[in-house]
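Me: I'd like to learn how to read a few features of a protein model. Could you take me through them one at a time?

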Amino acid sequence: MNLQYLFHTGDIVDESDKPEQWANANPAYAQLDEAGLPYNVLAGNHDVGHMDGDYTEYSTHFGKHRFEDNPWYGGFYEDNRGSYTLFSAGGVDFIVVSQGWGPGDAEIDWMNEVLAQYPERTAIINLHEYMLTTGGLGPIPRRIQDEVVATNPNVSMVMSGHYHDAHTRVDSFDDDGDGTADREVTQMLFDYQGLPEGGQGFLRLLHFDNEGERMMVRTFSPSLEQYSSDDATLTPEDQDFEVSYARLGIEPADKELTTDAFRADVLSSEEFAQVQDVASGETVEADSAVLGAGTLSWYVRVTDPHGGIARSEVRELTLTGDAAGREGGAPGDGGDGSDGGSGAEGGSGDDGSGEPGGGGQAPGAGDGSGSAGGSEGSDGNGGSYGPGAGDGPGGSGGADGAEGDGAGSPGATGSGATDSGASDPGDADSGAVGSERSAPAGGSSATGPGNAEDRAGEEQAQDGAVSTGSLARTGVEVAGLAALALALTGAGIALVRRRRA
């Protein structure tokens with residue numbers, strides 16, 4: 001899905017005085033930290049003891065120390081009680097200004113100061129409490145609309161939770177004071193906690209379509225693998241709708257980038273495999289044999305019934321047919337001849353006896369034939385008195401065995417498969433801003449088959465097999481076919497070749 005940002009509207013925990021709840025929350029958000037995905041958090045009333053407004057535990061676990069080293073973290077108010085983040089996607093520069101539970105004069109002033117610093121960015125206000133289930137505004141939200149939303153022309157959207165419902169309202173603002181509305185602001189309440197199991201995993205997805213100049217809003221539950229809740233209290237028009245770029249005040253712009261090197265992948269539409277109706281989490285296989293031998297570039301395109309498209313990174317796959325020639329074996333080593341017996345002048349020493357030299361090693365798999373070993377050593381001469389001293393000369397060592405010829409006679413070697421990692425396409429079950437860009441996918445490569453000689457620690461290739469090494473995240477299994485993991489419900493997948501620029 002090429003997620004670019006994740007919004008959070010408060011209530012990280014249910015009871016702020018229960019350490020085990022913070023202990024459960026921390027590793028969940030750590031996944032976002034490890035992935036490097038920009039996101040914000042803010043404190044809901046459940047995070048601060050409701051009317052107590054005690055931010056102690058929130059600051060301990062989600063204070064500025066958790067975010068300040070990230071390049072997208074712009075700044076904070078009172079140890080992350082408020083924060084702003086900066087990110088860009090699809091040629092649009094955004095700023096998200098978040099404020100936690102119970103904002104007052106100082107918090108409102110801080111929000112205005114931040115928004116004034118970035119007038120060129122499309123601003124999204126993120127709050128815990130803002131819109132009522134009726135679409136109305138309470139006293140504090142009314143102040144924020146009048147004093148923040150209305151006074152900053154770059155504000156495009158407001159998001160909130162707290163009240164268990166989904167609702168959307170649009171208000172117009174006269175920025176230049178001429179009596180004519182210049183700007184519309186889309187305000188969204190999204191909080192499904194009232195559903196069974198604390199919300200059934202429903203997330204709000206915002207897809208920005210630059211070609212269609214629209215933001216597509218979808219509601220999706222990865223646990224149910226379902227778009228939009230069928231609960232009677234939730235209206236379809238507040239779960240699945242579109243907002244034009246004109247209403248949002250968004251104008252995608254071309255960006256200039258200065259660099260001394262770059263890589264461009266030109267994607268073709270030439271498909272070599274296609275799979276339809278793939279369920280979320282399912283593993284599919286595509287036969288790579290149809291491609292023939294050679295090094296090919298490929299990528300995966302995934303679509304869903306709602307028009308969402310995700311493309312993987314371009315990866316390379318190397319396939320070879322029968323080996324054109326096999327190298328001969330390594331030369332054999334002839335054995336050394338044994339030393340001959342000793343003989344020297346002296347007393348009645350025994351005759352020394354020479355032992356014959358050992359022959360060369362017999363040829364084995366991958367070895368050339370070894371030549372004969374050294375000749376037998378000569379016996380020492382008997383002495384007349386006393387023991388003989390000194391060994392006779394040793395037999396000469398055997399000559400090295402001849403190297404086998406290129407045709408592989410008499411030994412043969414086979415090449416094992418080379419391994420490469422693989423990763424899955426972008427996940428489709430996270431709620432956040434997304435645009436149609438690439439998500440990582442994996443490929444594998446292999447060298448051609450042969451009769452592989454035993455080697456410790458090496459995997460052996462069989463005819464037509466593609467072997468993979470450590471695989472990222474999904475653990476895709478490959479056995480004779482190039483396999484890809486998909487994560488979109490009802491998705492279609494097309495594996496296509498890439499043409500080099």
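Predicted model: local features only at pLDDT ≥ 70, side-chain atom pairs only at ≥ 80, totals over all residues.

Me: Is Asp93 buried, partly exposed or exposed?

Reply: Buried means under 20% relative accessible area. Asp93 has 23%, so it counts as partly exposed.

Me: How far apart are Asp93 and Ile250 in sequence and in space?

Reply: They are 157 residues apart in sequence, while their C-alpha atoms are 9.3 Å apart. Ile250 also belongs to the lining of the second largest pocket, where Thr122, Leu248, Gly249, Ile250 and Glu251 lie nearest the centre.

Me: What is the lining of the second largest pocket made of?

Reply: Its 23 residues divide into eight nonpolar, five polar and ten charged. Helix α6 gives the largest share, three residues, and the pocket's volume is about 310 Å³.

Me: Which residues of α3 are buried, and why do they line one face of the helix?

Reply: The general idea first: an α-helix has 3.6 residues a turn, so residues three or four places apart point the same way. In α3 the buried residues are Glu107, Ile108, Trp110, Met111, Val114 and Leu115. Seen down the axis, these buried residues fall within an arc of 160°, so they line one face of α3. Their cover includes β2, β3, β4, β5, α4 and β6.

Terms used:
Residues numbered from 1 in each chain as written. Heavy atoms only, no water. Buried < 20%, exposed > 50% of the residue type's maximum accessible area, 1.4 Å probe, protein only. Helix = DSSP H or I, 4+ residues; strand = E, 2+ residues; numbered from the N terminus. Arc of directions from axis to C-beta. Contact = heavy atoms within 4.5 Å. 1 Å grid on protein atoms, 1.4 Å probe; cavity = no way out; pocket = protein on both sides within 12 Å on 5 of 7 lines; lining within 4 Å. Points joined across faces, edges and corners; volume = space filled by probe spheres on them. Nonpolar A, V, L, I, M, F, W, Y, C, P; charged D, E, K, R; others polar.
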